[in-house]
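Have a look at the model before reading on.

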Amino acid sequence: MRYNKLLAGVTALVAVATVAGCGTNNTSNTANTSNATTNTNNVSGNTSGNASTTANVQLAETGSSLLYPLFNSQWVPAYHKVAPNVQLTAASTGSGTGISDATSGTADIGASDAYMADAQIAQTPDMLNIPVAISAQQIMYNIPGVTGHLKLTGPVLADIYEGKIKYWDDQAITSLNPGTKLPHLQIVPVHRSDSSGDTFLFTQFLSDTDSNWSKTISYSTSVSWPGVQTAIGAKGNDGVVAALSSTKGSIGYVGISWLAKGTQAGLGYAQLKNKAGNFVLPTTANIKAAATQGAKHVPSDERVSLIDEPGANSYPIINFEYLIVKDDQPSAAKATALKNFMKWAIDPSKGNSSKYMTPVNFLPLPSNVYAKSEVQIQKIHG
Amino acid sequence: MRRVSGASKAADRIFQVATAICAGSPVVFLVAIAGIVVYQSIPTIQFMGLHFVSGTQWNLGSLYGAVTKVHGHEVPAGASYGALVFIAGTMLTSIIALIIAVPISILTAMILAYQVRGALGFVLSILVELLAGIPSVVVGLWGILVVAPWVSHHFGIFIKDILGFIPFFGGNVGSGYGLLTSGIVLAMMIVPIITSTTRDLFLQVPLLAREGGLGIGMTTWETVRYISIPYIRDGFVGAVALGWGRAMGETMAVLMVSGNAMNILPQNLYSPISTMAAFIANQLDSAQTDATGMAVHALSELALVLLVITLATNLIARWLVRPRGARRKVGVSR
């Protein structure tokens, strides 16, 4: 009897282990199943003589939390009317997860605020980085008694985040702002604690404008922030705005879609020195000016930084928002559906129109970038 | 005797297998999780060695730069993984949480067990248990909106004024995001666990013993102090260990109020810090963009260290409880 029980126990353990073992392969299994479904649909579509566009296709998007509102509340409902046979789903997981999901095939589209690194592309050369929109970022601060827009430069910001500039009345800051009375208040640099496209943008700006930062910290979606005693890491743009508004003397970088909420919370935002030496605000006109300059040097794979562009009015911290897709899709039906959606998304009269972009604070692509994105989209095949 | 039917035998067999699967699954899960974490950590263990637990600099390296080869491992240029800051953060926040939570829990449990009766006792007990059910992100939000400003403007300054002569208690109180706030928030999350367990323990103290205490002229406090507390001590150590484990593993609430410091050890009680659990949650997304994969291995090793420390505290707690007399054990066995 005891032996029987033991045997049952062992069998059960083996059974559980087998199930658990299957669990680790889960992602590839799901991907396979969905491929199989698409294939069947494709076959049935072909046999009935219809074009593959009428077969039901599922397109899954994961990634950037900044792009999520554009997908979830704008593009998904709008595109459902355009192509009812395509089931587009969106999930906010963070850019890094979006890229790895698209690479592994878990998702069809990975949304990312940052383009893929050279090392990643070398590993997975079949990934396309396709810009779909333009975003920007502002530097916000909480200094009691200071009204108007403080003038700041990349090197000064780098020194603040490295802990070299400790007080707001430091000579480096006062000399940039001759008319402004700055208090003797300790600076609290706030950075994003989570992985973030905003960190990528900000650190890229510091790397481009400050050679020491470029050598020591460099840029990424997470960097090794210098150990400054007062420094705070906060989660998400909402966390940064909360930390800024509750902490006197704080400074931080915030995505442009949070500008209104930040100013409502009593924060100021800075004029930044651009390449031409002018101090500029993140207005729509200044962001567009920078985007137009940046569009001139976009390479064919479109992985490019738009930081610190030339031009008198160019705002220095802007970027492309990317959709990351595989060029070789598992089936012709999926490839066609993906191509059609991507073309729709970047079309200035369709997905890229201000109707969808303005509510989420993005700007449409400049026209010559549109052409380059289209060439990349054509590379997608089944 | 009636013959057992085939169907009944089969049902019995299915029942046996089903119970065995269910009973076996926790073991399998523990082994599977530990196994995967260990396996994933191996490259970083080889790459960093002991420096992983003694180093204070955590750098994923230049993910957009060149890949270098160090000791046979491909890593992004400049990569170095030193987790001491996060280990210290986890230990310090959870210990502060225990220092706050243990007295509160004992006194609350005592009141709930001995002092309030009927409807009031019932309502209070329910409230304590409801506290345990508050999602940690809600506690974290409360931490950001209420505790952090309060620590920054009032409580931190109060502590500093009274205990500032002790090195770690002085210095800059700062923004309120940091060690003390994290400890307070964690304390609030573990008080319900410790309290409800301790209340049940107090209720198991034989009435005869307590009445005897009162009978020889002890006050209520003396009865608790000299009869109840010694009686429940073993179980109470277990309750504290349970709360400690929870405090070390808590992620979201700490992530929201800790200030998420990196590359710097806490300078005082108010310094921004980060814990292992919160740091893993923060960095995983970027780690996945590391083409060499080393960043994910590093976070795995961090998870391994957290797992080992949590299991170690549990084992130590068990060891503390073990060598007691059998009589008490009957009363408090759980």
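How many residues does the contact take from chain A, and how many from chain B? Keep in mind that this is a predicted model. In it, chain A puts 50 residues into the contact, and chain B puts in 38 residues.

Now for the area. The size of an interface is often given as the accessible area lost when the parts come together. Here, chain A and chain B bury about 3,600 Å² between them, and 57% of that sits on carbon and sulfur atoms. As for what links the two chains, you'll find zero salt bridges between chain A and chain B, but there are 20 residue pairs in polar contact, both partners being at pLDDT 80 or more.

So much for the totals; let's turn to the chain A side. The elements of chain A that give two or more residues to the side touching chain B are the helices α1 (2-24), α4 (95-104), α5 (118-123) and α10 (236-246), along with strand β7 (232-234). Of these, α1(A) gives the most, with eight residues. Sorted by class, this side of chain A has 23 nonpolar and 25 polar residues, plus two charged ones.

Next, step into chain B and look at a pair of helices. Two packed helices are described by the angle between their axes and the distance between the axes. For helix α3 (residues 84-115) and helix α6 (residues 179-204) of chain B, the angle is about 35 degrees and the axes lie 6 Å apart. The crossing of α3(B) past α6(B) is right-handed. Where α3(B) and α6(B) touch, the residues divide into 22 nonpolar, eight polar and one charged.

Notes: Residues numbered from 1 in each chain as written. Chains lettered and ligands numbered in written order. Predicted model: local features only at pLDDT ≥ 70, side-chain atom pairs only at ≥ 80, totals over all residues. Heavy atoms only, no water. Contact = heavy atoms within 4.5 Å. Buried area = accessible area lost by both parts, 1.4 Å probe. Salt bridge = Lys/Arg side-chain N within 4 Å of Asp/Glu carboxyl O. Polar contact = N/O pair within 3.5 Å; in protein donor to acceptor, adjacent residues only side chain to side chain. Helix = DSSP H or I, 4+ residues; strand = E, 2+ residues; numbered from the N terminus. Nonpolar A, V, L, I, M, F, W, Y, C, P; charged D, E, K, R; others polar. Axes fitted to C-alpha atoms, helices over the stretch in contact; angles between N-to-C directions. Left-handed = near helix turned anticlockwise from the far one by under 90°.
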